[in-house]
Amino acid sequence: MCGIVGVVGRSPVSQLIYDSLLLLQHRGQDAAGITTLDHHFFHTHRDQGLVRDVFRTRNMRALVGNSGLGHVRYPPAGAATNVDEAQPFYVNAPYGISFVHNGNLTNWRELREELFTIDRRHMNTQSDSEILLNVFAHELQQVASREALTAEQVFAAVQAVHQRARGAYAVIAQIANFGMVAFRDPHGIRPLCLGKRQTKQGLEWMLASESVALTGCGFELVRDVAPGEAIYIDLDGHMQAAQCAEAPRLIPCLFEYVYFARPDSTMDGISIYDARLNMGEYLGAKVAKTLRLSDIDVVMPIPDSSRQSAMQLASSLNLNYREGFIKNRYIGRTFIMPGQATRKKSVRQKLSAIPMEFKGKNVLLVDDSIVRGTTSREIVEMARSAGARKVFFASAAPPVRYPNVYGINMPTHTELIAHQKEVDAIAAEIGADGLVYQDLADLQQALKDLNPNIGDFEASCFNGCYPTNDVDEGYLNRLEQEALSALEAKAADRHDDE
């Protein structure tokens, strides 16, 4: 999971891209990068770390140009964490292309082999983003004429990419001296939206993973990029769009609504804030059927992404709502931190309990989801240490039982606390007196209530159904072995360093 942004402006865009990346920082904390285009030259700065740490005044001064791309990186499990993997990526042929990508390809091994042996293209990292860039570059070279590049040729290249690539991907690419192209996989698993604003100099365009990056920078949200669609904006600000997939179908990722997206975003016609309120409403009904409400003195959210669900749950059940935990804003999101030990340590650094809200009370803690169980276990212990008499736990998402292969860092069965476990066993493992999970049907209905036009959602981590139809048990076993090998290699490196 990453955050991407692209801007075609009428004045220097580096500060605008920087500001938009700050608004997308929650989508990735491993690395950040910006590339701008000015007078035939790309200017790039990228490095590991948060946006505020990667870019200094001298870096920003060098990022000249009226169009550009930005990226914040969240690495998938087992991926390298070095500056070479930071985006934007670049290839010099054809034309020169800068490229940012959010998602994960499921057939990257086959594509990598094809690129080496058939397309004769070289890659210098292990990133599937670089693979996708080279597939697009190769297909663009196949259709481009000796004359000026046309939107039709760009759309033909994207159509060829859809025919070759499998998995989840949202892409923004800048083609030197021609313009910017953005496209989304035929299932629309990963989000991408389009915005515009009118300035004294003329019309400006922005594309981003979430609408908050647009509205926070003064752009009007126009619409979401449709599944399989490509949007081309030339350097004069003229926009064209075309459907480039044979059978597109919107199946957005459920976890975006549950956890990743900011509550002030709108995604595929659904307000994330309203979605989480609805999740709380449906979860409240499940809690009323599962627990004795007379045993619950107070409802508390685990800040921040569960706050709306907890408020609505408490309201719907006429229970007291309190903020029992204070969040340290300078600690990153523990779910996307690499390594179990790092995540466990960061929970206590990130959250602190207010003892007076817990002492002698039976509390119902509400979180957005339970993935590995590390955070949940630590929080239950904190509540008991603060004086809670009983601690119940409710998850606004169903049990996460299966690996995700579309860009979320939960690749192995062994990492998932709910895999092959019943709810009572999970409750015992996290130390809770009772545990309630949202039903998958209720979670989906909570979103369909807000946009009935969405027929289905990508819910593979909950139900084991992978919409790209190229993931089987053998594929998942290979992923697990690769992840375990990567962990062993990192452990060996640490031992060598010592």
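Begin this tour of a predicted model by selecting Cys-2, which is buried, with a relative accessible area of 7%. This residue lies in the segment before strand S1 (3–8), and an unreviewed UniProt entry carries the annotation "active site" for Cys-2. If you then display what surrounds Cys-2, leaving aside its neighbours within four places in sequence, you will find Arg-27, His-71, Val-72, Arg-73, Tyr-74, His-101, Asn-102 and Ser-209 in contact with Cys-2.

Next, select Phe-255, Tyr-257, Met-279, Val-287, Val-299, Leu-364 and Phe-462, the residues with the most contacts inside the largest nonpolar core, which has 54 residues. Among the elements that each supply at least two residues of this core are helix H9 (272–290), strand S19 (362–367), strand S20 (390–395) and helix H17 (473–497), while the largest share, 6 residues, comes from H8.

Centre the view on Val-299, whose contacts, apart from neighbours within four places in sequence, include Ala-310, Leu-313, Ala-314, Leu-364 and Val-366. From there, move to a second, separate core of 32 residues, where Val-91, Ala-151, Tyr-169 and Ile-175 can be selected.

Finally, colour the cysteines: a search of the whole structure finds 0 disulfides.

Notes:
Residues numbered from 1 in each chain as written. Predicted model: local features only at pLDDT ≥ 70, side-chain atom pairs only at ≥ 80, totals over all residues. Heavy atoms only, no water. Core = buried A, V, L, I, M, F, W, Y, C linked by side-chain atoms within 4.5 Å. Buried < 20%, exposed > 50% of the residue type's maximum accessible area, 1.4 Å probe, protein only. Helix = DSSP H or I, 4+ residues; strand = E, 2+ residues; numbered from the N terminus. Contact = heavy atoms within 4.5 Å. UniProt positions renumbered as here; feature names shortened; annotations may be inferred. Disulfide = S-S within 2.5 Å.
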